[in-house]
Amino acid sequence: MREVLEGSQAVARTVARCRPGVVCAYPISPQTHIVEALSVMARTGELSACEYVNVESEFSAMSVSIGASAAGSRAYTATASQGLLYMAEAVYNAAGMGLPIVMTVANRAVGAPINIWNDHSDAMAMRDAGWLQLYAADNQEAADLHVIAFAAAEELGIPAMVCMDGFVLTHATDVLELATQEQIDAFLPPYSPAQALDIENPSTIGTMAGPESFTETKYLQHLRFLDAAGVIEAWSERFRKAFGREAGGLVARYDPDTLDRDGDAPPASAEDLAVVAMGSVVGTLQATLAPMRAEGLPVRLVGIGAYRPFPREALKAALGDSRHIVVVDRALELGAGGVLTGDVGRALAHTGSRIHSVVAGLGGRPILEASLRDAVRRALADELPALDFLDLKAGGVPEPPVGATEVAR
Amino acid sequence: MSTVHIPFLQTGTLAVGGRLLDDAERSVQSHADRPSSLTKGHRACQGCAEALAARWVMDTAVEATDGRLVVANATGCLEVFSTLYPESAWKPPWIHSLFANAAAVATGIASSLHAQGRDDVRVLAQGGDGGTVDIGLAAVSGMFERNDDVLYVCYDNQGYMNTGVQRSSATPASARTATTPAVGRHPGAPQGTGKSMVKIAMAHEIPYVASATVADLRDLEHKVRTAMAIRGARYLHVLVPCPLGWGSQSSESISLSRAAVQSGIFPVVEARAGELTDVQRIRERADVEEYLRPQARFAHLFKPGGEDGLQRWRALAEANIRHYDLLGGRP
Amino acid sequence: MTQVRIHGRGGQGVVTAAEMLARAGFLAGHEVQAIPSFGSERTGAPVVAYCRFSDARLRTREPVLEPDVVLVQDPTLLGPARPFAGLAPGGIVIVDTTADAPWVREHAGAQDADARVVTVPATRIAMDLLGRPKPAAAMLGAYAGCADHITLDAVQQVFRARFPGAVGEANAEVATTAFAHVRGDLYTRDDSPEKGDAAAPAGPRIVPQEVSRA
């Protein structure tokens with residue numbers, strides 16, 4: 001059934017239908033609507049056989065999730081920004097112990113200066129924590145990704161973040177079709193932990209590993225991560241078959257002309273400028289590039305679905321023979337450029353590609369179609385520098401036009 | 001088991017496990033089939049009171065729950081000396097996650113068990129004073145105020161011994177540590193600092209709070225058993241001398257614990273719902289010197305200029321005696 | 001595609017208005033999108049929210065920069081919020097006020113704007129019929145009265161669904177009254193002693209609607 005729903009509501013309902021055993025909540029904007037909605041469902045019984053725990057910090061939210069997952073429950077929490085960084089130690093710990101927790105990250109900037117709006121710097125700070133990072137292009141995918149995330153995480157024994165742009169998606173209302181309880185029950189296997197704190201078969205979890213075994217432990221974690229790409233693809237393909245729509249996957253391809261998502265779209269060709277992006281800006285790029293294609297401009301769009309593991313091979317396949325790339329990046333590696341650009345560059349090493357990093361939308365700066373159009377035109381005209389800050393205002397921070405800022409005061 | 005008060009002379013020592021008693025009233029450790037939850041192969045120092053206390057606590061909890069016990073452990077000596085991969089000295093299902101989060105991990109386990117309908121399986125969390133009173137305090141407090149069904153045990157050796165004896169907020173005044181060296185005009189840990197975790201726990205008005213030492217293992221056992229008979233958040237604070245950190249002989253861990261209690265420095269108490277319900281009276285009053293002098297960390301108190309510090313210790317003991325009525329009205 | 005921008009103040013239900021508008025548009029058969037612009041604002045601070053209707057799937061996530069319709073839930077925002085900025089030629093500006101269109105234009109500095117200005121005493125209607133200063137249903141009722149993107153029936157439906165019971169019914173009545181007001185059946189305040197608010201500022205009771213001036 002297609003219905004009008006806020007992104008956070010859609011995620012909360014889908015998570016509830018994945019039947020988590022323990023949900024932890026600590027408030028931080030912009031993820032709060034998700035855990036608020038889950039708290040209502042926990043009270044009404046819509047979320048049954050589930051403990052909803054109000055904890056005292058994000059660090060404890062992840063720690064409670066660790067205990068719950070280790071004790072054999074499907075565990076879920078949500079956070080953003082400072083909250084993700086406050087729980088950082090436990091984020092790494094969950095991955096090291098192979099606990100398949102699923103966490104929504106409502107992507108938000110990291111201070112200082114404090115800023116509650118969207119960019120990707122929070123999740124990027126955790127890129128090497130050993131979690132899967134799946135990015136939603138829109139609210140439909142944000143909801144659907146949670147089903148795929150639980151399935152893939154539990155098969156792999158690797159925790160998963162579902163990253164959705166804070167406010168831009170979490171607080172936006174769209175026409176969506178949620179996976180039903182029956183569909184999810186048929187799709188998602190019950191949680192069957194590979195290891196658990198079991199009184200019948202006692203085990204010690206979380207031992208100390210010395211220099212003689214730490215490298216091997218990390219190597220095994222690395223091998224498991226290499227498996228992750230195939231597992232994510234397989235579950236995404238199963239999802240497409242079961243639900244009749246595309247979600248997840250490592251890399252999203254788009255029809256050259258309609259810009260509709262299409263897994264069978266051909267790779268970019270040698271004359272194409274390929275725009276690579278991740279998160280909700282993909283939607284704005286669809287809207288921006290379709291008219292440019294109609295003008296006959298050689299532009300293609302490639303979306304990153306899984307940022308971790310980084311899908312080098314799938315990305316190279318989608319980029320085809322294109323050697324001219326623009327990466328629209330929502331996080332900044334200080335002194336270098338866009339964070340995603342670094343990953344794309346590594347994937348395309350020795351291919352002779354020209355890669356532009358367009359840093360856009362930091363701290364909630366709206367990414368405008370006109371600005372993207374301008375950047376793409378400049379790239380086509382060989383006028384775009386290797387690193388460009390979209391809509392950077394020289395000479396201070398002037399008065400913005402109405403609508404181009406979040407709040408006019 | 002009901003509590004039976006046994007005259008000291010009748011048993012010889014509290015540590016023999018009560019072999020003169022009826023079988024049902026003997027200590028867990030006196031039985032051939034004791035759980036040995038913390039078993040052979042661990043790497044604790046000689047005279048480590050934490051290892052001794054943990055063994056008694058765990059075995060009692062295992063017996064009290066008929067083996068239905070899951071343990072969450074904070075980072076610290078106890079975790080390091082018991083679980084160096086690929087070995088483990090723990091028999092119960094046991095998890096170590098991080099330094100600051102044992103209480104939260106325990107909450108997660110308890111929540112999971114409840115969601116699974118396994119309320120018969122109980123949860124015990126344990127950590128040192130650093131993981132409890134310092135870095136883990138927020139998680140401990142959160143677990144307390146939610147009244148989660150967890151027994152949290154703090155083994156208090158009064159410092160960060162695992163990292164080489166640095167000061168914690170449980171380090172007593174004057175104590176020499178690696179970060180409060182016994183040099184300068186005010187040697188050792190500063191006066192007027194530190195906090196009482198027992199009082200903090202009581203302020204949460206949780207169902208059960210108690211303190212104990214390894215000098216009275218039957219009392220420790222009794223408190224664990226009492227705690228395991230109660231649902232909700234419970235806290236047990238155990239003083240555990242550390243020969244390495246305290247600069248004491250490995251043979252002195254029991255006698256130092258006893259001196260701490262008998263001098264009034266470490267009150268052994270029980271509280272329910274925030275109200276003090278029992279206090280272990282001083283049996284034979286000891287001077288604070290009996291506690292302080294064997295410890296090299298207090299050596300500067302017994303050198304010229306140390307009188308002032310010593311006086312403060314006497315005042316602390318007097319204050320405790322008054323506050324908790326440790327002499328039971330006796331002079 | 002039709003784009004709508006809503007100006008109001010924190011606590012007035014601006015975000016709810018955008019969501020309700022999207023829901024009503026969906027009932028009218030459109031693809032819809034509502035984007036609230038959340039700030040760290042508190043009650044009373046200026047708030048903006050956006051809504052889009054389209055026959056094709058909506059993909060863009062940029063804020064609405066060139067609205068076809070602007071709703072202003074508080075006339076004190078006419079100056080500072082610049083509601084006429086970016087307005088599409090011939091666009092509609094619906095303002096919650098007891099004053100008239102020339103007054104709105106003057107206070108917005110938009111005397112010559114190519115726009116159709118509609119005024120509706122939305123908050124007054126809400127206070128009378130709902131008892132709370134929540135003008136959203138009135139604004140959407142007025143919207144249904146002057147453009148065919150949404151219907152009055154759809155507005156009533158979405159408010160009844162969101163607020164089941166008496167509050168939903170009252171909102172439906174608020175919407176109907178505002179709808180009738182902009183259709184020419186001008187709202188007359190019930191000034192009877194039981195319901196009236198003697199302290200309310202006097203304003204023009206009869207509000208002639210402005211016709212589109214191209």
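How many bridges join strand 1 of chain C to strand 4 of chain C? Keep that question in mind as you go through the close-ups below, which come from a predicted model.

**View 1. Strands 1 and 4 of chain C run side by side in the parallel sense.** Here is the answer to the opening question: 4 bridges join strand 1 (residues 2-9) of chain C to strand 4 (residues 69-72) of chain C. To find your bearings, look for Ile6(C), which stands opposite Leu71(C) in strand 4 of chain C.

**View 2. Helix 1 and helix 5 of chain C meet in a right-handed crossing.** The axes of helix 1 (residues 14-27) and helix 5 (residues 152-162) of chain C come within 8 Å and cross at roughly 125°. Because of that angle, helix 1 of chain C counts as oblique to helix 5 of chain C. Helix 1 of chain C brings Met20(C), Arg23(C), Ala24(C) and Leu27(C) to the contact. From helix 5 of chain C come Ala154(C), Val155(C), Gln157(C), Val158(C), Phe159(C) and Arg162(C).

View 3. On helix 1 of chain A, look for Ser8(A), Gln9(A), Val11(A), Ala12(A), Val15(A) and Ala16(A). Helix 2 of chain A answers with His33(A), Ile34(A), Ala37(A), Leu38(A) and Met41(A). The residues of this contact divide into 8 nonpolar, 3 polar and no charged.

**View 4. Domain 1 of chain A touches domain 2 of chain A.** Domain 1 covers 2-193 + 213-243 of chain A, and domain 2 covers 251-389. Their C-alpha centres lie 26 Å apart. Across the boundary, 25 residues of domain 1 of chain A are in contact with 21 residues of domain 2 of chain A. On the domain 1 side, helix 6 (121-125), strand 6 (132-135) and helix 9 (214-243) of chain A each supply at least two residues. That side is made up of 15 nonpolar, 6 polar and 4 charged residues.

**View 5. Chains A and B share the most contacts of the 2 pairs of chains in contact.** Here 37 residues of chain A are in contact with 37 residues of chain B. Strand 3 (51-54), helix 3 (58-70), helix 5 (88-96) and strand 9 (204-205) of chain A each supply at least two residues of the side that touches chain B. Helix 3 of chain A gives the most to this side, with 9 residues. The chain A side comprises 18 nonpolar, 15 polar and 4 charged residues. Strand 9 of chain A pairs with strand 2 (residues 94-96) of chain B in the parallel sense, over 2 bridges. In that pairing, Ile205(A) has Ile95(B) as its bridge partner. Chain B and chain C, by contrast, have no contact, and their closest C-alpha atoms lie 27 Å apart.

**View 6. Two cis peptide bonds of chain A can be found at Gly111(A) to Ala112(A) and at Ala112(A) to Pro113(A).** Omega is near 10° for the bond from Gly111(A) to Ala112(A), and near -5° for the bond from Ala112(A) to Pro113(A). Ala112(A) sits in the loop between strand 5 (102-107) and helix 6 of chain A, and Pro113(A) is found in the loop between strand 5 and helix 6 of chain A.

Notes:
Residues are numbered from 1 along each chain as its sequence is written. Chains are lettered from A and ligands numbered from 1 in the order in which they are written. This is a predicted model: local features need pLDDT of at least 70, side-chain atom pairs count only at pLDDT 80 or more; totals for chains, interfaces and linings use all residues. Domain bounds come from an automatic or database domain assignment. Two residues are in contact if their C-beta atoms, placed from the backbone, lie within 7 Å. Ala, Val, Leu, Ile, Met, Phe, Trp, Tyr, Cys and Pro count as nonpolar, Asp, Glu, Lys and Arg as charged, and the others, Gly among them, as polar. Two strands pair if DSSP finds at least two bridges between them. Axes are lines fitted to C-alpha atoms, for helices over the stretch in contact, and angles run from 0 to 180 degrees between N-to-C directions. Angles under 35 degrees count as roughly parallel, over 145 as roughly antiparallel, 65 to 115 as roughly perpendicular and the rest as oblique. A crossing is left-handed if the near helix is turned anticlockwise from the far one by less than a right angle, and right-handed if clockwise.
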